[in-house]
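Here are some questions about a model and the terms used to describe it. Each answer sets a value against its cut-off.

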Amino acid sequence: MEQTSLESTLCSGEKVWYEYDQESDLLEVVFKAAEATAAIELTESIVLRFDWETAEPLSLSFISFSRLVQPAEYGENHFPLLADEWPDEAQEKVWAMLRAAPLNEFLQLGSYAPPHGRQTIPIAVVKRPAVLATAA
Amino acid sequence: MRRWFVRDRAGREIYLTEEQWEHIVARHRELRDHLDDVLATVRHGRRRQQSHDPQAYVYYRPCDTLHLLFNGILVVVVFRFEWQEDGTLLPNNFIVTAWGIIMRRKGER
């Protein structure tokens, strides 16, 4: 499979590595090359790998990346976060990571309150990194 | 290079190349020594279509033999077609990647 790899620096000053596979349209953003001790599905198309002890994000993977960032008829697509699928003991760690750098440079959180719904649904928009403007 | 072929619960043939498997375990080391579990996830697991990409599916299944906190496996499979030399079009379904994950198990909430 054909891979594009590139290194970049985020607004927060952290270095990241992008690995994009064109054939499978899979993007992996690596924040730190370390062995993950935990991983969860953030959305049906995004997987977060992290260090359980330090709650440090290690990588984000985007399935069908080019379609995730494709604007829809009325603007950007929002994807529900699968928070109900995260084990209770992971919730606090995951929310803290999502609200901080570097994840907040890739995902913008939001809420959707369905009419007559009892529960607000957490959602996210994928921010397309400028450095990948031509990669996908 | 070897290829492993499996059929999912609906009988669709899906393969994993050795090259891709090496790529997967180099990055997702929790799956080292779990090739059989990854293939079993495709063979017996549930699948979910990506809402924004009808050709991409995630197969998932609990797995209790992974180390640390990991208790499940996710496998991404893309479903494509490939033209043959004789002009026929055949399915080309292959595993793109896989992860060990931590998932809420049934009855935990």
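Q: Which residues touch the most other members of the largest nonpolar core?
A: This is a predicted model. Its largest nonpolar core has 61 residues. A:Ala39, A:Ile40, B:Val75, B:Val77, B:Ile95, B:Ala98 and B:Ile101 touch the most other members. As background, nonpolar side chains tend to be buried together in soluble globular proteins.

Q: What makes A:Ala39 a contact partner of other residues, and which are they, leaving aside neighbours within four places in sequence?
A: A contact needs C-beta atoms within 7 Å. In chain A, the partners of A:Ala39 are A:Val47, A:Leu48 and A:Arg49. In chain B, they are B:Trp99, B:Gly100, B:Ile101 and B:Ile102.

Q: How many residues of chain A are in contact with chain B, and what supplies them?
A: 23 residues of chain A are in contact with 24 residues of chain B. On the chain A side, strand S4 (38–43) and helix H1 (65–68) each supply at least two residues. S4(A) gives the largest share, four residues. By type, this side of chain A has 13 nonpolar, five polar and five charged residues.

Q: Why is A:Asp25 called buried?
A: The cut-off is 20 or more other C-beta atoms within 10 Å. A:Asp25 has 20, so it is buried. A:Asp25 sits in the loop between strand S2 (15–21) and strand S3 (26–30) of chain A. Its phi is positive, about 60 degrees, although it is not a glycine.

Q: What makes B:Leu68 buried, exposed or partly exposed?
A: B:Leu68 has 13, so it is partly exposed. B:Leu68 lies in the loop between strand S4 (53–62) and strand S5 (72–83) of chain B. Its phi is also positive, near 55 degrees. Most residues other than glycine have a negative phi.

Q: How do you know that the peptide bond joining A:Ala101 and A:Pro102 is cis or trans?
A: Look at omega: it is about 5 degrees, and the bond is cis. A:Pro102 is in the loop between helix H2 (88–99) and S8 of chain A.

Q: Why are strands S7 and S8 of chain A said to stand at the edges?
A: The open sheet runs S7-S9-S8 in chain A, with antiparallel pairing. S7 (79–80) and S8 (107–112) each have a single partner strand, so one side of each is left without a neighbour in the sheet.

Q: What makes S8(A) and S9(A) a pair?
A: Pairing takes at least two bridges. Six bridges join S8(A) to S9 (residues 121–126) of chain A, so the two strands pair. They run antiparallel. A:Leu107 stands opposite A:Val126 in S9(A).

Technical notes. Residues are numbered from 1 along each chain as its sequence is written. Chains are lettered from A and ligands numbered from 1 in the order in which they are written. This is a predicted model: local features need pLDDT of at least 70, side-chain atom pairs count only at pLDDT 80 or more; totals for chains, interfaces and linings use all residues. A nonpolar core is a set of buried Ala, Val, Leu, Ile, Met, Phe, Trp, Tyr and Cys residues joined through C-beta atoms within 7 Å. A residue is buried if 20 or more other C-beta atoms lie within 10 Å of its own, exposed if 12 or fewer, and partly exposed in between; C-beta atoms are placed from the backbone. Two residues are in contact if their C-beta atoms, placed from the backbone, lie within 7 Å. Ala, Val, Leu, Ile, Met, Phe, Trp, Tyr, Cys and Pro count as nonpolar, Asp, Glu, Lys and Arg as charged, and the others, Gly among them, as polar.
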